[in-house]
Amino acid sequence: MAFNVSEFAAAGLPLGGARSSLFSVIVDTPSGVPNVGARISFTGRASQIPESTMTVLEPAYFGRRIKIPGTRNFANWNVTVMNDEDFQVRHAMEVWSNAINRHQANLREPQLQTTASLRTTATVTQYNKIGVPIRTYEFVNLWPVTISTIDMNWEADSIEEFSVEFAYDYWRIAAPTTTGVLNV
């Protein structure tokens, strides 16, 4: 291993490194819920490339444990949204969440009576420094779990933000071109 900056730049990060600020988020909403996918792509200020973990099974054999891969788990996915005065994105998330389980009646809205009708897909896409998509993750069977508070403060001079935490079944890597979805 060389301690030479030029060699590091040439071998370690030949493309200059991916930038965490070059991304977009699209959340498709189910029918019966206001669709704000395009709006979220502009107001979704923060997100993550998804996490997945493997459980570890540890059977014992004569007092010694061995480690065997178990099942894959997918952590919930979070998106931070800038709130505009029309509350369009916030409203859509609240309508969606309320349709899944109404605040007062503790029932599901008829338009989302099946599990398939309340879940949808979403994507987070990473772009290179010239705006070309280089990696897209698609979240399958997604629905909102938590819609966070919106902080208000007389001493703050900033745009309101809130977060939406989504549960989903799994993610997959979509091809960076129009060739479809890769099975990972």
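A salt bridge here is a side-chain nitrogen of Lys or Arg within 4 Å of a carboxyl oxygen of Asp or Glu. With that rule, Arg-39, Asp-84 and Asp-86 are linked in a network of salt bridges.

Before going on, the ground rules. This is a predicted model, in which local features need pLDDT of at least 70 and side-chain atom pairs count only at pLDDT 80 or more, while totals for chains, interfaces and linings use all residues. Residues are numbered from 1 along each chain as its sequence is written, and side-chain values use heavy atoms, with hydrogens and water left out.

Asp-86 and Arg-39 form a salt bridge in which the closest N and O atoms are 2.9 Å apart. Asp-86 sits in the loop between strand 7 and helix 3 and Arg-39 in helix 2, so this pair ties together parts that are 47 residues apart in sequence. Helices (H or I, at least four residues) and strands (E, at least two) are DSSP runs, numbered from the N terminus. On accessibility, buried means under 20% relative accessible area, exposed over 50%, and partly exposed in between, with a 1.4 Å probe and protein chains only. Asp-86 is partly exposed at 45%, and Arg-39 is partly exposed at 23%.

The count for the structure comes to seven salt bridges. One of these joins Arg-119 and Asp-169, at 3.1 Å from N to O. That pair also links distant parts of the chain: Arg-119 is in the loop between helix 4 (115–118) and strand 8, Asp-169 is in the loop between strand 10 and strand 11, and they are 50 residues apart. Arg-119 is partly exposed at 23% relative accessibility, and Asp-169 is partly exposed at 37%. Glu-109 pairs with Arg-102, the closest N and O atoms being 3.4 Å apart; Arg-102 is partly exposed at 25%.

A cavity is a set of points on a 1 Å grid over the protein atoms alone where a 1.4 Å probe fits but cannot get out; a pocket is an open set with protein on both sides within 12 Å along at least five of seven lines; lining residues have an atom within 4 Å of a point. Grid points are joined across faces, edges and corners, and a volume is the space filled by probe spheres set on the points.

The whole structure has one cavity of 30 Å³ or more. What lines the largest cavity? The lining is Arg-39, Thr-43, Met-82, Asn-83, Asp-84, Asp-86, Phe-87, Gln-88 and Val-89. Helix 2 (37–43) and helix 3 each supply at least two of the lining residues.

The largest pocket holds about 200 Å³ of space. Its lining includes Ser-148, Asp-151, Met-152, Ile-159, Glu-160 and Phe-162.

Last, the core. A nonpolar core is a set of buried Ala, Val, Leu, Ile, Met, Phe, Trp, Tyr and Cys residues joined through side-chain atoms within 4.5 Å. The largest one has 28 residues, and Val-27, Trp-77, Met-93, Trp-96, Phe-139, Leu-142 and Phe-166 touch the most other members. Among the elements giving two or more residues are strand 1 (23–27), helix 3 (88–100) and strand 9 (133–147). Helix 3 gives the largest share, six residues. Leaving aside neighbours within four places in sequence, Met-93 is in contact with Thr-29, Val-36, Ile-40, Ile-147, Val-164 and Phe-166, where contact means heavy atoms within 4.5 Å.
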